[in-house]
Amino acid sequence: MCSKIPGRPMQISHGSFWLTLTMETPNFTHGSAPLSESLRQRSNNSAEIVLPIFMFAGGAIGNLIAILVLSVSRQEKKSSAFFSLVRGLAVTDLLGTCLASPLTIANYIDQHVLRDRLVCEFDSFLLLFFGLTGLSIICTMAAERYLAICCPYRYQRWAVDRRFAQKFLFFIYISHILFCCLPMMGMSRSELQPHGTWCFIDWKTPEPVAAAYSVLYGAVSLLLILGTIVLNLAVCGALLMMRRRNVQRAVTRTSVRQRWRELSSAAETQMMAVLVMTSAVVLACSAPLVVRIFANRFQNDQKADLTAIRIASLNPILDPWIYILLRRSLFRRLLSLSRRCDSSSISLPLTESDLLCPKIMKDHVLTQLMCNANIITHLSTSARFPPYNTEILCET
């Protein structure tokens, strides 16, 4: 005869315990799946948000340092038009980074941020505006150097100075704001891209007006890219022609030194280096997105679109370090170092080519072009040229 002792807990075997827990818990086998999936998603989001934060910090800090470097130096202030455009590009990159990156970071935290229609249209406007403005400023910088080198008298007649550059920058900002606001006015439609982290115009729409706007935007960007390349090639060609004419002319050693002292300067060499390096970075970062604008009319590739916008976002991060590294003081140190190395070498009869360009600088084609940049934009008004010099400059 079995009797139950009061207060004694009933013993449950391990098998019956798990059976009871399984019966009382719905979907026991898959009940931990949503939890593990949510934890995995949170870890992925936390890992992905590190890159936008790092890019935002790099772009903001770099452009602030670049603006400070360009503003403090006295020589850059005297460089008027060109360095006014460089400062304008640095300010543009800083504004683009500070306005667009917080939206991306906020969308990583809350994926419903860019799902709002107004926020998505604003994000699309930022990408359209700052991408096109950067290309326009780079093309303007190339045009300014072309006028200064190939058309110096027209450059002086038009009074291309700091004030002229500032007015042209204002014209670029106003015209591009109006052009990039057209999608908000109904000419096109902005939509959240498949990856869910950025908004852009609907470049796959069959609507004629919206398709025309996307093609027009891509055509304007492509023209700016081609214009920059053509102007830079024209400048390099003009410098090569100048060098050939200088080498062919038989002049004394003293006159060559005098002309080099009058017509050449480290400032012009730095300008050419900044222009070439900045153009290469901007074009390399902007070209993939321009290609995708046309390619999406025929083929849909979401992975290529995401790669193109990520490459474009590197532009405001890389640009400022060009201004920082190619400072005037650094260029002077490099030039002084080249002179010391050249003076310490074996003394041989100097030719005109050796005077115009040190041997240590002939190893690089770009440096060889820049060291022969005979530009008169920074000469004083009291400088006078012989008649043969004037004819040569007019022919170039």
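1. Cys120 and Cys199 form a disulfide, with 2.2 Å between their sulfur atoms; the term stands for a pair of cysteine sulfur atoms within 2.5 Å. By this rule the count comes to one disulfide. Cys120 sits in helix H6 (residues 117–150) and Cys199 in strand S2 (residues 199–201), so the pair, 79 residues apart, links distant parts of the chain. Helices (H or I, at least four residues) and strands (E, at least two) are DSSP runs, numbered from the N terminus.

2. Before going further, please note that this is a predicted model, where local features need pLDDT of at least 70, side-chain atom pairs count only at pLDDT 80 or more, and totals for chains, interfaces and linings use all residues. Residues are numbered from 1 along each chain as its sequence is written, and side-chain values use heavy atoms, leaving out hydrogens and water.

3. The link of Cys120 and Cys199 is left-handed, with -120° about the S-S bond.

4. Are these cysteines buried or exposed? Cys120 is buried at 5% relative accessible area, and Cys199 is buried at 0%. Buried means under 20% relative accessible area, exposed over 50% and partly exposed in between (1.4 Å probe, protein chains only). Cys139, at 15%, is buried, and so is Cys285, at 6%.

5. Buried residues in H3 include Pro52, Met55, Gly59, Asn63, Ala66 and Leu70.
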